[in-house]
Amino acid sequence: MRIVLYFFLVVVLLSCQKDQKSNPLESFKLEDGFQMELVASEPLIADPVDIEIDEWGRMFVVEMHGYPLDISGSGLIKRLEDTDGDGLPDKSTVFADSLILPTGIMRWKEGFLVTDPPHVYYLEDVDDDGKADVRDIVLTGFARSNPQHNVNSPTYGLDNWIYLSHEGAVRTQQFGDLLGDEGSEVHMPSAGSDEKLPKNANGLGVRFRPDSGQLEMLSARCQFGQAFDDWGHHFQTNNASHLYHKVIAAPYMLRNPDLLIPTSQSYIPKDGRGFDIFPITSNPDHQLLTDIGVMTSACGILSYSGALFPEKYHHNIFTAEPVHNLIHVDRIEEHDATFHSVSVLENREFLASTDSWFRPVNHYIGPDGSIFVLDYYRKIIEHPEWLSDEVIQSGDLYAGMDMGRIYRIAPSGSDAMSFLDNLTLGDARIPELVSYLANPNIWWRTHAQRILMDRPASEIADALKEFILSTDSSVGKLHAIWLLESKDQMEEEILLKMLEEEEAGLRENAIKIAENHLPSSDKLFDKLLDMVSDQHPKVRFQLLLTLGDHTDSRSSRVRNQLLFRDIEDPWVQYAALSAVDLDAMELFRQARSKLGNQQTEGTEAFFKKLSLLMTSGGSAQEVNLFLSDLLRSSSDTWFVPLLLEGITDGIRRDDDLILSGENLRLLASNFSATADASLRSASLDLLQASSFFEQPSTEILKEAIAISQQPGVERLLLVDAVRIIGWSGSESHFEILRNLFTGHDDPDIRSKILRAMHDISSVMAANFIISQWSALVLQERRTGVQIFLDNEENRMILLTAIAENEIQPSILTWGQTVSLLNSSDASVRSLARMHLRGNELNADTVWLTFQESLQKPGDIHSGQEVFKKHCGICHQKSGKLGVSFGPDLAAVQNRNKASLLLDILQPNKSIADGYELWSLSLTSGTDLSGIIAQQSPATLTIRDATGKETTVDRADIEELKASQWSAMPENLHAQISQEEMADLLAFLKGA
C-alpha cells in the first residue's frame, strides 16, 4: 500500500511540474493592456540568447548551450520556419553549428555577423541549402571568459558602423583552464587593414566597418546587451548597475592629452543604486551573490521604438532581470547632457513570473512592433564562479539546457503574428526602401538603411536627397542624412536645412555630420556658430564637442559662451576642456570675469579642473606667470585655493616643472595666522609638491617650530605648522614632534603628528608608533598602519611586531593584509604568510561556529555600530555610514541570513565582479592598489580602501596585476562575537 501511495504521489508531482512547464503563460503577471503569446519553445529551440528577423521575415535564433562551462562547441544558430501557415514557427533547421559560446547575431549583407568569442564570424548560406557554407572570421582577439561578460550584441548603428557590447575579461578563481583566456590584439584578419586595438580592446566596447576596415574602441564598457534610442544615444548596462548613458565618444576624450577624463558613462537611475524591484516568484532558489529584491543581473536592454505600444512607452527602456524572473521598464527623461531614468510602474513590474526557471535575457523589436522576449529557461542562471560548492556538485548546472522559450508581447487586441517567412523587403526597389526610412518602427528603418548602404551611391543619392526635402518624418530624415554621409554624397544645403529642423535630435546629429564638412564650408561653420543659443541642452553639448576641434577665435568664443551657460553640468566642463590646442590661460581670464562671483559646486569643480589642465599643458614660464599674477592680485578670492590645488596635482604628475623663487616666496608668505585657512593649506601643499621644504633651514620652518610650541594655537594653524616640521626631513626635529604628540590628546592632531614624523623618518616613526601602540586610539592606529605599509622596511617592522604579539593583526584591513601577502619582497611575503594566515580556523569550522548567530534576532541599532566599526572601512549602506570602496550593502537587505553570513565569513569563495583588487606600478615609481572604479580609452581610475580615487594615464602604467584575494577580510570571525554578528545581520537586513 505504501509503495502504491508513494508511486501515486510521484506521478502527481511530476504531472504538476509537467503542467507548469507545458502551460508557461499561466505563470505570468503582465501589465494591464498587453497580451503575451508563446512563439516557440522546446523542442524547436533551447537556450536562446539572441534573435534576428531578416528582410524576408526569416527568424534566426542563437542558442548558447555551453553556459556556463562547456566549451566543446555545442552552440547553434537555428532558423525557425512556419510551414503550416498559422504565423507561428513549427520547424527548426540548424543554420550553423560548432559554435563555442555564441552571444549575438545581426543581419549583414547576404548573411549574418555572429559574436562567438574570441571571434566575430560572418556566416552565409551560398548554395541555399539552409546551412551556412561561409564561415569567415571578420574580427578577432576578444577574451573568452565568463560568458556573461564576453563580446555580444552586434548592433547596426545610425552612422552605419557596427557596435559591439563588450567589457574586460572577468578574472576566474576556479575555472582558469576553461574561461581564463584574456584575449589578444583585436583586429580584422581578412580586411587587409592595419587597424589593431590593444589586447581585448582594453575591456571597452568596439565599433567597426567590415567593408572599409575601420576599427575603433568606444569610450565605455558594457556587459550583455546595449540599446540606442531614435537619435543614436547609446545606453549600456552592467548587472546591478542597470542603466548607463555613454555621454562622450572616444575621439573627443582622446584629443586633448593633457585632460584625463575618468569615464564617459553617466549612471542614470534617478533613485540611485539598490532601488526596489518586485518579483513574484514562487519558491525562488537564489544563489550565493544574489541580491534579492534589487537589480542584480540586468541585461538585454531595449529602447522601445516599435510604434505599436501606447505612446507613453516610446523610448522607454526595457531591462531583463533573469535572476528575479522579471522584466523592468524605465521612462527616460532629459537631464542636461545626459538623462535620468525612472521606473514607469509603482510596486510592480511590466512582466513577472511565478516560475523560478523563467530567465529573460534579451529583447527584440519585430516587424510588427511587438517585443520578443528570449527566455533562457534554466534552473540556475548564476555562473558557478559565484555558486556554493553544494550547488555546483548538485548536477543542476545544466538543468534546462534542452529547454527555452520565445514570447511575443503586444498591446491587447493586436493582430496575430503573420510576418514569419512572409516579408518582401529584400525585393524592394530603391524608392520603396527609401520610403521605409520614415517607418515609425525602428525594425523597418534599420533594415532599409542597411540594404540601401549596400547599393551603389549613384543609385540612391538622388532618391535620398529628394526624400529629405519632401518628408515630414524627422527620423526618416535622420536615417537618410547618415546614408548620404556614409556614401560621400552629402551636400551643404541639406546639412544647413537639417541644422534648422525643429527636432532637437536631428539638429544634434546634423552637427556631428557637419564635422567632416567644416573645413570646406564657411556657411556651415557660420551656421554652427549661430547655434550658440539653441534651446536644447544636448544640441548645445554636441555643438561644444564639435567646435572643440577648431582653434580659431570665433570657435573659442562660442565654446566659452556654451560653457558658462551650462557650467553646472560636469559633462559640459569636460567637453569644453577637451578642445584641441585649448588656450587655458585665456579661458581662465574669461572664467574669472564671468564666474568669479558664482561660488557653486559646479564652478568650484571647474576652476580646479582648469588649473590642473593649465599646469599639465603649459610651459614652466606660462605656469609661473599665471601663478604670480594669481598670488599678487587675487589671493582673497574664493577660487584661488582651488586653483592652487589643481596646480599642485599638475606638478605631482610632472615633477620637472619648477616654480620660480618669487612664486615660492609668495606662497610661503601665506603661512600666517591671518591668512585664510584654505589658502594657507593649499599654498603649503604646493610648496611641498615643489620640493621647497627640502632645502636647508628656512624662515618658514623656524616660524612653524615657534608656532608649534605656543599654547592655545588655533587648530588648523597648528596642523599646518606640524606639516612643515615634518616636510623639513630633519631628524633633529623629531623630538619636537615627539613632545608635541605626548602633549596633545586630540586624535586628529596626533595622527597628523605621526604623519609628520613619518615624513622625517619612516623608520623612526614606525618604532615610535610601536612604542606607543597600547595607548593609541583607533584613528591613530589606522594612521600608524598606513605608515607601516609605506615601504618594505616598515612592513618588516610591522610584521616583526605582529610576530612578537606587540600588535594584533586584526587592526589590518583585508586589503592591507593582501598587500602584505602579495609583497614583491620575499622576506616580507614569507613573514606575512607565516603570521597572517597560519592561525586561521578551518572555513567549515568558522561557519559552524557562527551558526548560533543565525538564530539570534539581533539588534539593528547595535548592528549599525558594528557596521561602522568593521564594515564601514570599505562599504556604505544607501550611500551613508562608511567609505565607498566595496559594493553598497543596501542591495543585500533582502538576502537570507545564511547567504550573508557565508559571504562575510568566506569572502574569497566568490569575488563580486568589478570588486577585484588590483595593483598598479607606474613609470614614475608610484604604486597604487584598489579596485578599478572607472575606465576610458586613455585612463584608469583606481579607488583605494579610503574611497579616494586616482585617475592615471594608461600610458603611464608599467604593470597592472590582479590579486587572488577579495578585498574583504577573511578574519572578521576573530574580531566580532556571535552577538555582534547577529546584530550586524539584523542591520544589513533592516530597511
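How many bridges join β17 to strand β18? I looked this up in the predicted model and found 3 bridges, with β17 and β18 (residues 234-238) running antiparallel. I then picked out a pair: Gln-226 has Gln-236 in β18 as its bridge partner.

I noted an open sheet of 4 strands in the order β17-β18-β19-β20, and the pairing is antiparallel. At the edges I found β17 (226-228) and β20 (265-267), each of which pairs on one side only.

Then I turned to the empty space. Rolling a probe the size of a water molecule over the atoms shows where such space is left. My search of the whole structure gave 6 cavities of 30 Å³ or more, and the largest cavity has a volume of about 740 Å³. I listed 34 residues lining the largest cavity, and the closest to its centre are Thr-155, Tyr-156, Tyr-364, Ile-442 and Thr-446.

Which element supplies the largest share of that lining? I got α6, with 6 residues. I was pleased to meet β17 again here: β17 supplies at least two residues of the lining of the largest cavity, as do β3 (48-53), β7 (104-108), β11 (152-156), β21 (299-303), β26 (360-365) and α6 (442-453).

Last, I sorted the lining of the largest cavity by residue class and wrote down 14 nonpolar, 14 polar and 6 charged residues.

Technical notes
Residues numbered from 1 in each chain as written. Predicted model: local features only at pLDDT ≥ 70, side-chain atom pairs only at ≥ 80, totals over all residues. Heavy atoms only, no water. Pairing = 2+ DSSP bridges. 1 Å grid on protein atoms, 1.4 Å probe; cavity = no way out; pocket = protein on both sides within 12 Å on 5 of 7 lines; lining within 4 Å. Points joined across faces, edges and corners; volume = space filled by probe spheres on them. Nonpolar A, V, L, I, M, F, W, Y, C, P; charged D, E, K, R; others polar.
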